[in-house]
Amino acid sequence: MTRLRAWFLAPSALLLAALFLIPLGIICAYSLMTRGPYGGVSGPWTWDNYARLPDPLYLLILWRSLLYAAISTALCVLMGFPLALFLARSGHRRNLYLALVIVPFWTSFLVRTYAWMFLLRETGLINSVLVWLGILEQPFEMLYTPFAVILGLVYGYLPFMVLPIYATLERLDRSLIEAAADLGARPLESLFRIVIPLSRPGILAGSVLVFISCLGAYLTPDLLGGGKTIMIGNLVQNQFTSARDWPFGSALSLLLMLVVMLLLMPVLRRRQEGLL
Amino acid sequence: MDSVLELRRVSKHYLHHRAVDEVTLSVPRGSLFSLVGPSGCGKTTTLRLVAGFEQPSGGELLLNGSRIEHLPPYERNVSTVFQNYALFPHLSARQNIEFGLRRRGTADLDSPVRKVIELLRLAGKESRRPHQMSGGERQRVALARSLVLEPDLLLLDEPLSALDPQLRKQVRMELKSLQRRVGITFLLVTHDQEEALSLSDGIAVMNRGRLEQIGDPEQIYLRPATRFVASFVGAINWLGNVGVRPESTRIAQTPPDGDLRSKAAIVRSSTFLGNCVHVEADLGDGAMFVVETPRDGDVFPPGERVHVWWHPSDEIFLPEQP
């Protein structure tokens, strides 16, 4: 039995070791080294990269990333919960609707983000239509704004919110909702007193997924945000590409990981206590 | 008689079958009334129609003389004890009990809640969550949660089926005495005829969406209106148009005298059941005739030629359906 279990676990354990633990070790090592003249790393060992982190510019970028991720997560909850509820209650059509939520994944995220650029830019579809209808006199700048970044993040990660919430709602015992109505709860009371509290595990799981994804996002802020709304993912990316400062990029990555871990600790602890 | 609930030709049709078919029924105030029948007979659907979870396809539902079929569940003064109890898992026992009162905006929660907690012996368990309670405790919380609202009618869907068999008989009697104490009308759904007979003031037997018979337990058992009822509420031997229940039947070596009815038979099996002996006898045509005799009588080994007999007054006359 134990041997069988070991065999079943082996593939994922190997995969995690090869693609997560070893790279993590490499990143840790890089973060303590000095940048090479053409990228890459070289000796000597140093703490300098960490000493550079508390720069106001970097802290601002980190703060902005946290803020955008939090706003996007909140918007995903607000939009994702009703959608998940609709899915869970749509009877025999639910598989069709579920497929519609997943279908966008068939297209590359990059292509979909480019599509948003075409929609949002000053000569884009939305501005053109608004100007043509006479609602706007002049096209206004939507692309390269925080709005565009958050829109892109919400658009991109909404399914990660919808699916876990849907999973909890689908398992929700219908008789609990009937019992609530039976005891005098109107539909909205039943929603806030019974359905939402009982779907908290799904909301929390979705929030964790979306928040982490948004915090580390670099494609969306890069394409939709431009230079003014740079997020920490872009900063890390820059260190490895144009800045050719791999050690500092590694230190930034580890900072990001530390922040995520600190933020998730209370969530994971509650989960362990079985409160969810 | 004053009735709390009246059903007038109530139907519930689904695409391909009639779950409830023109059921007319009235439930007397203050009684413990049971809907019994095999699974799929429409009894639970009937209960759900009364609670408001389903909409009738036709007919009228009256609670205290007023039509209720257009009212949503939260506007009907009936309350349901669900088969699985449907306690809110994220709320404590007390919060579950308070739920309905809070929805009504009752100002003084404490005294009714305290009363019902005492009534159902839940003192000390108030802060427990449903998963920290035993099956019996959960059931009592479900009852308390409904009774605290003082509904006109309490609906109970197979209330004993989720309990251990040993507990079931005890809780059955508790349920009946609880009903007597609170005086609220109970409408109970069960597939267990013994449960219905032992608990109820009135019984409605359902089969395939239709009512077969309404009556008190004695009428249902001793004077069943249809062969279905006769067979459903207890074992019965059919001899043409006449039925005899096993416990009204005896076995003797020789044919009995007088105006007793008897048949010659061969014993096929004899099973000791503790309180009686269950004998299966072959009347010669291959049909099994079941006899339950007191265990202090003679012993009849398989293969023995005997006579089964009964009093004519114990016969139930129900012609076979043409």
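Between chain B and chain A, an area of about 1,800 Å² is buried, and carbon and sulfur atoms give 62% of it. On the chain B side, the residues that lose the most area to chain A are Y74(B), H90(B) and R103(B), which together make up 37% of what that side buries. The model is a predicted one, and in it 21 residues of chain B are in contact with 18 residues of chain A.

The polar part of this interface can be followed next. Polar contacts between the two chains amount to nine residue pairs, where both residues are at pLDDT 80 or more. The side of chain B that touches chain A draws two or more residues from each of α1 (43-51), β6 (78-81) and α2 (93-104) of chain B, and by class that side has 12 nonpolar, five polar and four charged residues.

From the interface the reader may turn to the nonpolar cores. In soluble globular proteins, nonpolar side chains tend to be buried together. The largest nonpolar core here holds 118 residues, of which L169(A), F88(B), I97(B), L153(B), F186(B) and L187(B) touch the most other members. When its neighbours within four places in sequence are left aside, F186(B) is in contact with S31(B), L32(B), F33(B), L147(B), L154(B), L156(B), L175(B), L178(B) and Q179(B). Another core, of 15 residues, lies apart from the largest one, and includes A265(B), F289(B), V306(B) and W310(B).

Technical notes
Residues are numbered from 1 along each chain as its sequence is written. Chains are lettered from A and ligands numbered from 1 in the order in which they are written. This is a predicted model: local features need pLDDT of at least 70, side-chain atom pairs count only at pLDDT 80 or more; totals for chains, interfaces and linings use all residues. Side-chain values use heavy atoms; hydrogens and water are left out. Contact means heavy atoms within 4.5 Å. Buried area is the accessible area (1.4 Å probe) that two parts lose on being put together, summed over both. A polar contact is a pair of N or O atoms within 3.5 Å; within protein, one must be able to donate a hydrogen and the other to accept it, and residues adjacent in sequence count only if both atoms are side-chain atoms. Helices (H or I, at least four residues) and strands (E, at least two) are DSSP runs, numbered from the N terminus. Ala, Val, Leu, Ile, Met, Phe, Trp, Tyr, Cys and Pro count as nonpolar, Asp, Glu, Lys and Arg as charged, and the others, Gly among them, as polar. A nonpolar core is a set of buried Ala, Val, Leu, Ile, Met, Phe, Trp, Tyr and Cys residues joined through side-chain atoms within 4.5 Å. Buried means under 20% relative accessible area, exposed over 50%, partly exposed in between (1.4 Å probe, protein chains only).
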